[in-house]
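Reader: Hi! I've just opened this one and would like a friendly tour. Can you walk me through it?

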Number of protein chains: 2
Amino acid sequence: METRELRYFVAVAEELHFGRAARRLGIAQPPLSRAVQQLERRLGVTLLERTSRGVALTDAGSVLLQEGRAALDAVEAAERRTRRAAAPAGSPGLVLVTKAGASTELLAKLLDAYAAEPGAVDVDVVLCGIGEQERYLRDGRADVAFLHRPFDSTIGLDTEELLTEGQVVLLPAGHPMTARPHLCVDDVAAIPGLPMPRWPRDDGSYPDGPGPEVHDNTQLLQLVALGRTTAILPESVRTHLHDDIVTVPVLDAPSVTTVIAWPPHSRSLPLAQLIRTATRL
Amino acid sequence: METRELRYFVAVAEELHFGRAARRLGIAQPPLSRAVQQLERRLGVTLLERTSRGVALTDAGSVLLQEGRAALDAVEAAERRTRRAAAPAGSPGLVLVTKAGASTELLAKLLDAYAAEPGAVDVDVVLCGIGEQERYLRDGRADVAFLHRPFDSTIGLDTEELLTEGQVVLLPAGHPMTARPHLCVDDVAAIPGLPMPRWPRDDGSYPDGPGPEVHDNTQLLQLVALGRTTAILPESVRTHLHDDIVTVPVLDAPSVTTVIAWPPHSRSLPLAQLIRTATRL
DNA sequence: GTCGTCGATACCCACCCGGTATCGCAGCTG
DNA sequence: CAGCTGCGATACCGGGTGGGTATCGACGAC
């Protein structure tokens with residue numbers, strides 16, 4: 001199976017439409033039809049049910065979509081990491097990815113400590129959206145990531161725990177609840193007039209509900225300060241807050257563990273050193 | 001990057017010889033040279049240092065060898081799992097791989113228990129060589145594996161622990177040491193006339209030493225019964241021994257944990273059910 | 001110096017990828 | 001029901017490229 005065939009099939013499987021998939025791939029529709037037919041012939045498997053009105057995936061097609069994406073990521077990772085390995089000195093030796101606005105203190109400490117080590121290489125920091133770190137590791141855009149259990153999945157990755165912290169609720173300054181020494185999750189959910197915000201799902205759509213739609217941290221903080229919403233976050237957010245937002249510990253919210261994670265087959269020396277530095281913080 | 005190019009490069013990188021690699025790939029040498037050159041041009045990276053006497057890998061080449069193998073495994077896995085997903089009923093719904101001769105009791109119990117579950121599918125059992133399970137999972141020849149910590153690496157796999165057991169030393173019946181209630185590793189190493197056997201390394205070669213070369217369990221048991229060697233193994237081997245071999249507990253040998261392991265992105269229902277059955281044993 | 005080995009180059013043929021034009025089929029519309 | 005429209009498949013064509021054979025150039029070994 002060639003990666004070209006795989007890319008073509010994945011495009012069709014995602015669009016469920018040959019014409020759109022062909023446009024996305026920058027080719028005409030007939031060669032795409034032919035390529036997918038050829039793939040099916042070679043595999044001896046029907047991947048798509050075609051009607052004159054559209055396309056649907058078979059069971060085997062779903063499997064190939066899932067496994068094919070992983071395979072394409074692996075090929076892409078091989079390409080990227082090879083290019084980086086050959087890049088001249090001065091280019092980043094390691095790329096670390098983390099959610100924007102999370103664990104910045106810890107990250108700064110790690111980067112400082114690592115930079116002081118003998119033989120340290122340049123570390124690029126990439127900020128990504130929520131839950132995207134795994135993808136960055138799998139397709140080679142990053143070598144190592146900060147993840148936050150229990151929110152981010154760490155399956156398929158090697159990890160070391162760095163820091164566990166409780167969670168606090170963010171409230172606009174002056175809100176009556178800020179007088180309380182601590183709260184419970186149920187208390188927070190029941191606060192009148194402060195619905196929880198709605199974060200985008202993986203596919204980009206938003207769940208229904210009363211709260212405002214948010215997609216990043218600054219947006220969230222602004223909405224909290226404006227008294228439009230509230231949020232439960234790890235207590236380390238406090239270092240980034242002005243006095244227009246007050247935090248109250250939430251006793252029964254799950255504690256959040258920041259972990260450093262990397263693809264299991266990594267073999268790079270600088271990466272090993274960075275991880276060692278991180279575990280010693 | 002196309003899988004053909006990757007396969008070609010990996011062959012050359014493994015053989016470090018264009019002629020041999022071409023023979024292995026079933027093509028002539030000139031097209032192979034050209035394909036690798038083209039790959040290097042496309043990547044903008046020198047992968048191989050050529051001399052008129054042979055070939056050596058550059059740093060970038062080593063990275064691509066490592067990452068490329070993983071990528072090719074992923075592509076192969078996609079292909080195999082797709083074919084299997086389309087295979088008609090009656091073909092194996094799950095493939096379980098384990099080291100030959102290990103955990104047979106536990107495996108039998110699992111297969112029985114799972115077969116009794118409603119909606120159970122056929123499970124194929126594949127026996128592999130030592131430490132090969134991970135490869136089977138990565139390239140799609142198997143869906144799930146039995147591994148034995150601390151011997152087998154479980155990095156990059158999801159696992160559940162099934163059974164932890166101590167280890168025993170195997171001695172020929174009548175050996176003076178069999179009178180002892182228990183032994184230590186050092187005691188075993190010091191037994192005169194019974195050197196430890198030599199297992200093949202990953203590359204197939206054998207380490208130096210006085211013991212006999214062995215590559216499977218029956219071979220080992222026969223050599224133990226003949227008084228030529230000894231071995232320290234998990235205590236569950238006892239169910240397969242005749243009275244010509246006696247076991248003695250080894251107190252300070254690391255205990256062995258049998259785990260069931262699967263690739264982290266698995267999504268199959270039968271697999272989930274098999275794992276659930278296993279954890280309930 | 002000569003020969004053998006190994007990778008690169010030159011050249012050729014056939015296949016296949018990608019393009020355009022068109023078909024066949026099924027809804028929808030009036 | 002005729003005709004239009006949208007979609008995937010088919011037919012056909014040209015150029016690129018993957019594969020082959022023959023040969024070269026460099027370097028070690030004898």
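Author: Happy to. The side chains of A:Thr258 and A:Ser103 are joined by a polar contact of 3.3 Å. By polar contact I mean a pair of N or O atoms within 3.5 Å; within protein, one must be able to donate a hydrogen and the other to accept it, and residues adjacent in sequence count only if both atoms are side-chain atoms.

Reader: Before we go on, what kind of model is this, and how is it numbered?

Author: This is a predicted model, where local features need pLDDT of at least 70 and side-chain atom pairs count only at pLDDT 80 or more, while totals for chains, interfaces and linings use all residues. Residues are numbered from 1 along each chain as its sequence is written, chains are lettered from A and ligands numbered from 1 in the order in which they are written, and side-chain values use heavy atoms, with hydrogens and water left out.

Reader: Thanks! Back to A:Thr258: which strand is it in?

Author: A:Thr258 sits in strand S10 of chain A, residues 256-262. Helices (H or I, at least four residues) and strands (E, at least two) are DSSP runs, numbered from the N terminus.

Reader: And is A:Thr258 buried or exposed?

Author: A:Thr258 counts as buried because its relative accessibility is 0%. The cut-offs are under 20% relative accessible area for buried and over 50% for exposed, with partly exposed in between (1.4 Å probe, protein chains only).

Reader: What does A:Thr258 touch, leaving aside its neighbours within four places in sequence?

Author: Its contacts (heavy atoms within 4.5 Å) include A:Leu106, A:Phe146, A:His148, A:Glu161 and A:Leu163, leaving aside neighbours within four places in sequence.

Reader: Zooming out, what does chain A look like overall?

Author: Its secondary structure comes to nine helices and ten strands. The C-alpha atoms of chain A fill a box of roughly 70 × 55 × 25 Å along the principal axes. Of the 281 residues in chain A, 43% are buried.

Reader: How many salt bridges between the chains?

Author: There are four salt bridges between chain B and chain A, each being a side-chain nitrogen of Lys or Arg within 4 Å of a carboxyl oxygen of Asp or Glu. One of them pairs A:Arg81 with B:Glu67, whose closest N and O atoms are 3.3 Å apart.

Reader: Now the DNA! Which residues come nearest to DNA strand D?

Author: Of the 23 residues around DNA strand D, the nearest are A:Ser33, A:Arg50, B:Ala28, B:Arg34 and B:Ser52. A residue counts as near a strand if one of its heavy atoms lies within 4 Å of it. A polar side-chain atom of A:Gln37 is 3.0 Å from a phosphate oxygen of DNA strand D. H3(A) supplies the largest share of the surface near DNA strand D, five residues.

Reader: And what about DNA strand C?

Author: DNA strand C is surrounded by 22 residues, the closest being A:Ala28, A:Arg34, A:Ser52, B:Ser33 and B:Arg50. A phosphate oxygen of DNA strand C lies 2.7 Å from a polar backbone atom of A:Ala28, and another contact puts a polar side-chain atom of B:Gln37 3.1 Å from a phosphate oxygen of DNA strand C. H3(B) gives the most to the surface near DNA strand C, with five residues.
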